[in-house]
Amino acid sequence: VVEAETKAMFKSNFKIMKAFSEEEDLPAPFRVAEQLKQQIADFQAKLPLVNVLCNKGMRERHWVQVSEILGTPVKPDATTALQSLLALNLEPHLEKLEEVSTCASKEYSLEKALDKMLAEWQPLELTTMPYRDTGSHIIGGVEEVQLLLDDHLVKSQTMQGSPFIKPFADRAKSWADKLTLVQDLIDIWIKVQGMWQYLEPIFGSEDIMRQMPKEGQLFKKQDGMWRENMKRVIEDVHVLAVAEIPNLLESYREQHELLELVQKGLNEYLEMKRLYFPRFFFLSNDEMLEILSETKEPTRVQPHLGKCFEGIGKLTFEGKRNTITAMVSAEGEEVSFGGDEITPSAMVEQWLLLVENNMFKSMARIMREGYASYAKTERPVWVTQNQGQVVLTVTQQMWTEDVEKALRTDGHKGLKAYAQKCSDDLDDIVKLVRGDLSKLVRKVVSPLIVMDVHARDVLMAMADSGVSKDTDFDWLAQLRYYEGEEGLDVCMISTRLPYGYEYIGLQGRLVVTPLTDRCY
């Protein structure tokens with residue numbers, strides 16, 4: 001400031017001298033201006049000393065150094081005049097004094113940087129909010145805190161590496177340690193909060209607590225620690241105040257360890273359930289926990305059945321005990337369990353395994369019933385009286401038997417005759433579908449037409465290629481259904497596999513090709 005004012009004064013005086021020199025009748029003012037010019041020049045020569053002596057960064061330790069350089073005590077105060085300091089013959093020591101001043105300036109800038117960082121943290125608060133109906137709180141977004149942390153951690157580390165930090169080394173280290181504490185605290189806090197929010201509704205279920213007592217006790221301990229910490233935090237949500245809470249970081253680290261044990265136990269528990277009932281592998285952890293946390297309400301399984309079973313959309317529950325008597329596809333087709341009843345227990349995986357077994361048993365039963373009634377009923381009528389999967393499977397089984405019977409009886413001639421019969425059967429089904437059918441029956445008939453068209457085309461192709469025996473390759477390469485010792489078998493060439501009896505509901509069929517035949 002002094003240097004700038006001196007320069008401004010010199011410029012103003014120069015203009016005045018120029019004006020006075022142009023007026024011959026003003027010699028006295030001109031001489032005054034010349035004297036002022038000389039005084040300004042003399043003062044400018046002492047400006048380096050003025051800058052040293054008036055440096056705002058000069059502290060008592062620096063004046064001690066100045067005193068040692070000059071060999072005489074120098075300790076200015078508010079009443080000390082600049083002229084008295086300039087009269088100490090400082091010019092020979094200017095270089096050393098400038099070194100002291102430069103060091104003071106560097107230290108002053110570091111001190112101010114520390115003060116500025118502290119000032120920026122003073123008003124900063126954590127956002128807290130009640131969490132659902134738990135009676136506790138959580139912290140909200142910490143983006144602002146994290147942004148400031150990232151910036152100040154870098155500044156703090158840089159500052160500690162400065163050669164001029166020595167006078168404030170303890171303060172700078174203390175501040176850096178506090179920033180590191182806040183960073184560690186926020187990192188572990190967010191992790192614990194996320195795990196607590198995930199596990200709290202799970203272990204809020206009495207069913208889960210009963211099934212996992214060890215993990216339940218560990219979570220209960222952590223939950224108590226969390227609630228106690230949040231009570232202390234919301235008393236003063238300023239970040240620096242929170243960082244001063246005793247043992248807060250250690251508490252969250254302990255909570256994290258507890259929650260890791262709980263999470264590990266929970267995963268092992270779910271894995272055990274999946275191994276007992278493998279169809280649970282189709283469900284996510286959250287979906288499984290939703291089922292397991294409501295074992296007293298077996299109907300809560302309904303929304304997840306479609307992921308466990310290909311064709312079951314829901315189960316039929318009856319009575320106060322929620323007895324299961326049938327399965328229903330997503331399209332609304334019902335398959336009774338044939339008088340068998342399943343009473344759900346607290347172990348969901350156990351009664352779902354019974355549902356699976358009853359599904360296999362019921363499908364085998366209605367397949368046999370459908371096969372027995374096929375020969376006794378007109379085909380168009382039979383189609384409307386049976387479930388879609390029965391219609392498709394028994395039709396394939398009857399087609400296989402009739403083709404082999406025709407080949408064994410009349411060879412190539414018998415094959416051509418049966419091909420014509422398949423064409424006539426197809427015409428009957430087409431007439432049926434043009435009539436007034438319910439939505440469910442129409443969904444049964446549509447894939448049957450696809451299969452009948454395929455069956456007719458296969459027979460016509462075989463007839464054209466001269467197939468005359470049931471051992472010809474063109475016949476063996478077809479997908480064939482046979483009644484085996486333990487139920488239906490599905491064959492293609494030399495491969496023979498048992499029919500799975502998995503209920504698939506009313507699914508459509510794409511146009512059948514050799515590739516889709518193999519996939520199916």
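Select Asn247 to start. This is a predicted model, and in it Asn247 counts as exposed because its relative accessibility is 56%, where exposed means over 50%. You'll find Asn247 in the loop between helix 11 (239-243) and helix 12 (248-276). Now check its backbone: phi of Asn247 is near 60 degrees, a positive value in a residue other than glycine. Why point that out? Because most residues other than glycine have a negative phi.

Next, select Arg132. Here phi is near 50 degrees, again a positive value in a residue that isn't glycine. Look for Arg132 in the loop that runs between strand 1 (128-130) and strand 2 (137-139). Is Arg132 buried or exposed? With 62% relative accessibility, Arg132 counts as exposed.

Now pick four residues together: Glu125, Glu228, Glu235 and Asp236. They form a negative surface patch. Click on Glu228 and you'll land in helix 10, which covers residues 213-235. Glu228 has 44% relative accessibility, so it counts as partly exposed.

Last stop: the cysteines. How many disulfides does a search of the whole structure find? The count is zero. A disulfide would need the pair of sulfur atoms to be within 2.5 Å. Cys422 is buried, because its relative accessible area is 7% and buried means under 20%. Finish by selecting Cys308: at 5% relative accessibility, Cys308 counts as buried.

Conventions
Residues are numbered from 1 along each chain as its sequence is written. This is a predicted model: local features need pLDDT of at least 70, side-chain atom pairs count only at pLDDT 80 or more; totals for chains, interfaces and linings use all residues. Side-chain values use heavy atoms; hydrogens and water are left out. Patches are made of residues with over 30% relative accessible area and no salt bridge: like charges are joined within 9 Å, nonpolar side chains (Val, Leu, Ile, Met, Phe, Trp, Tyr) within 5 Å. Accessible areas come from the Shrake-Rupley method with a 1.4 Å probe; for residues, only the protein chains shown count as cover. A salt bridge is a side-chain nitrogen of Lys or Arg within 4 Å of a carboxyl oxygen of Asp or Glu. Lys and Arg count as positive and Asp and Glu as negative; His and the chain ends are not counted. The place of a charge is taken as NZ of Lys, CZ of Arg, CG of Asp or CD of Glu. Helices (H or I, at least four residues) and strands (E, at least two) are DSSP runs, numbered from the N terminus. Buried means under 20% relative accessible area, exposed over 50%, partly exposed in between (1.4 Å probe, protein chains only).
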